[in-house]
Amino acid sequence: MQTIYTDRIVSVTELKRNFSNVLNQAGNDPVAILNHNRAAAYLLSAEHYERLIDRLQDIEDGKLIRERSAGPFVEVSMDEL
């Protein structure tokens, strides 16, 4: 059985019929869009999507920091910057 990652669920048909209503009722919560009772997509508000992208960028930055924490390091003076 497929896991649905939100409490809000609508069918593709319902989304087509009432897109504005579905979007308004969702607010900032994600909505699973079902096609033949399987999640086909998730609808996210722009605010939710932007937070998600920011979080992914933070995770990637953390990964780079851990990878580079052992060096090699390049010494530079303030004048060189």
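The following legends describe close-up views of a predicted model.

Local features here require pLDDT of at least 70 and side-chain atom pairs count only at pLDDT 80 or more, while totals for chains, interfaces and linings use all residues. Residues are numbered from 1 along each chain as its sequence is written, and side-chain values use heavy atoms, with hydrogens and water left out.

**View A. The three-stranded sheet.**
The strands of this open sheet follow the order β1-β2-β3, with mixed pairing; strands (E, at least two residues) and helices (H or I, at least four) are DSSP runs numbered from the N terminus. Because β1 (8-11) and β3 (38-43) each have a single partner strand, one side of each lacks a neighbour in the sheet. Strands count as paired if DSSP finds at least two bridges between them. β1 and β2 pair in the parallel sense over four bridges, and Ile 9 stands opposite Ala 32 in β2.

**View B. The largest nonpolar core.**
Seven residues form this core: Val 10, Leu 15, Val 22, Ala 26, Val 31, Ile 33 and Leu 43. Two or more of these residues come from each of α2 (19-26) and β2 (31-35). A nonpolar core is a set of buried Ala, Val, Leu, Ile, Met, Phe, Trp, Tyr and Cys residues joined through side-chain atoms within 4.5 Å.

**View C. Val 22 in helix α2.**
Val 22 lies in helix α2 and counts as buried because its relative accessibility is 7%; buried means under 20% relative accessible area, with a 1.4 Å probe and protein chains only. Leaving aside neighbours within four places in sequence, Val 22 is in contact (heavy atoms within 4.5 Å) with Val 10, Glu 14, Leu 15, Val 31 and Leu 43.

Conventions
Buried means under 20% relative accessible area, exposed over 50%, partly exposed in between (1.4 Å probe, protein chains only).
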